[in-house]
Amino acid sequence: MIILGIETSCDETAAAVVVDGKQILSSVVLSQIEVHHPYGGVVPELASRKHMEAIVPMVDQALGASGIDSKALDAVAVTRGPGLVGALLVGFCFAKAFAYALDVPWVGVNHLEAHVNSVFLEPDPPPFPFVALLVSGGHTGIYHVTSHTDFELMGQTRDDAAGEAFDKVSKMLGLGYPGGDVIDRLAGQGDPKTIVFPRPFLDKTMFDFSFSGLKTAVRRYIEIHPDDYLQQVPDIVAGFQEAVVDVLTYKILHAATVKGCDHMAIVGGVAANNRLRENVRHHAGLKGLTVHIPSVALCGDNAAMIAAAGYHYLKKGVVSGLSDDVYSRVNEKH
Ligand code: KG4
Ligand code: ZN
């Protein structure tokens with residue numbers, strides 16, 4: 001089944017052509033980072049407008065690069081939510097119209113489930129069941145995954161998502177938006193042991209997260225050291241990153257133990273973090289567990305993962321209808 005995937009939930013306009021939920025023929029992503037950078041975060045109205053400009057060229061580009069004529073498409077999959085409503089609507093309405101014109105089925109998929117399915121686009125995917133740590137800008141959670149479409153939420157963040165904490169700390173230090181990538185690079189030049197921030201484990205037997213206190217601890221450090229913190233930025237971000245990585249590593253390994261899973265997946269934008277990848281691999285190795293992390297291009301938002309998740313719904317006979325709508329929050333899924 002050849003599927004066109006479309007993603008417009010936040011600040012990336014993406015399109016991809018994927019065969020049977022695993023073989024990527026093409027995957028293109030247009031980031032709006034430059035547009036939102038001056039505002040220190042995503043401006044929803046600007047995001048929608050940029051998606052409007054980009055959606056047709058991006059789909060054309062994905063089809064062109066795939067070598068597939070649109071008439072050869074079997075279906076269209078598109079992000080339905082969660083995300084920014086105005087941004088989601090651009091991709092969703094385009095997908096409806098495009099599928100209608102081609103007379104093929106289409107399906108709206110959950111963005112978070114799609115992130116988990118990104119590991120199936122890599123060689124050597126995990127066998128079911130496995131536990132997945134989803135760490136992105138909007139969400140942080142741990143799932144017990146029993147099939148491509150069955151997810152039990154074991155725990156999630158009670159406040160800031162991990163990526164959001166990276167972005168807010170970056171903004172505080174004047175490093176710009178988004179902050180994950182720049183902190184990842186700068187932390188490599190610092191010492192994580194010079195400034196030790198608290199590890200927000202909450203209840204160590206539970207899988208919920210809280211990163212807002214850690215972010216406040218960084219803010220307090222800056223307030224207490226107004227004259228010298230600028231010289232300490234690499235050590236500050238290394239200390240902050242190490243605290244986040246410690247908590248994420250502990251919780252996903254604990255989840256694997258509790259569920260008796262030998263395989264773990266780490267997905268979402270923050271899964272690109274070098275220290276997180278290294279630390280989870282190291283601790284998993286010590287316990288004889290296998291960890292699956294997509295290549296960096298598939299950690300961030302992309303449309304190949306949307307096509308992959310959509311494939312498994314379509315295979316089960318799930319299709320969307322013209323009256324279906326997007327949803328902004330995860331608990332609105334129906
Ligand atoms: O999955 P994603 O592209 O979009 C959402 O669905 O939210 O994740 C974006 C998040 C941002 O908060 C960004 O700062 C973070 O992923 N991120 C990283 C890294 N690269 C991106 N965080 C830590 N280290 C990185 N290398
Ligand atoms: Zn995402």
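His111 and His115 are four residues apart in helix 4 (residues 111–117), so about one helical turn separates them; helices (H or I, at least four residues) and strands (E, at least two) are DSSP runs numbered from the N terminus. The model is a predicted one, in which local features need pLDDT of at least 70 and side-chain atom pairs count only at pLDDT 80 or more, whereas totals for chains, interfaces and linings use all residues. Residues are numbered from 1 along each chain as its sequence is written, chains are lettered from A and ligands numbered from 1 in the order in which they are written, and side-chain values use heavy atoms, with hydrogens and water left out.

His111 is buried at a relative accessible area of 6%, and His115 is buried at 0%, where buried means under 20% relative accessible area (1.4 Å probe, protein chains only).

The largest nonpolar core comprises 53 residues, and those with the most contacts inside it are Phe197, Phe240, Leu248, Met264 and Ile266. Such a core is a set of buried Ala, Val, Leu, Ile, Met, Phe, Trp, Tyr and Cys residues joined through side-chain atoms within 4.5 Å. Helix 8 gives the most to this core, with 14 residues. Apart from this core lies another, of 27 residues, including Val76, Leu88, Phe92 and Ala95.

Asn302 is located in the loop between helix 10 (296–299) and helix 11 (304–315) and is buried, with a relative accessible area of 0%. A polar atom of the Asn302 side chain lies 3.3 Å from the backbone oxygen of Leu298, and the side chain of Asn302 also reaches the backbone nitrogen of Met305 at 2.9 Å. Neighbours within four places in sequence aside, Asn302 is in contact (heavy atoms within 4.5 Å) with Glu7, Ala14, Ser27, Val29 and Ala297.

Terms used: Buried < 20%, exposed > 50% of the residue type's maximum accessible area, 1.4 Å probe, protein only. Polar contact = N/O pair within 3.5 Å; in protein donor to acceptor, adjacent residues only side chain to side chain.
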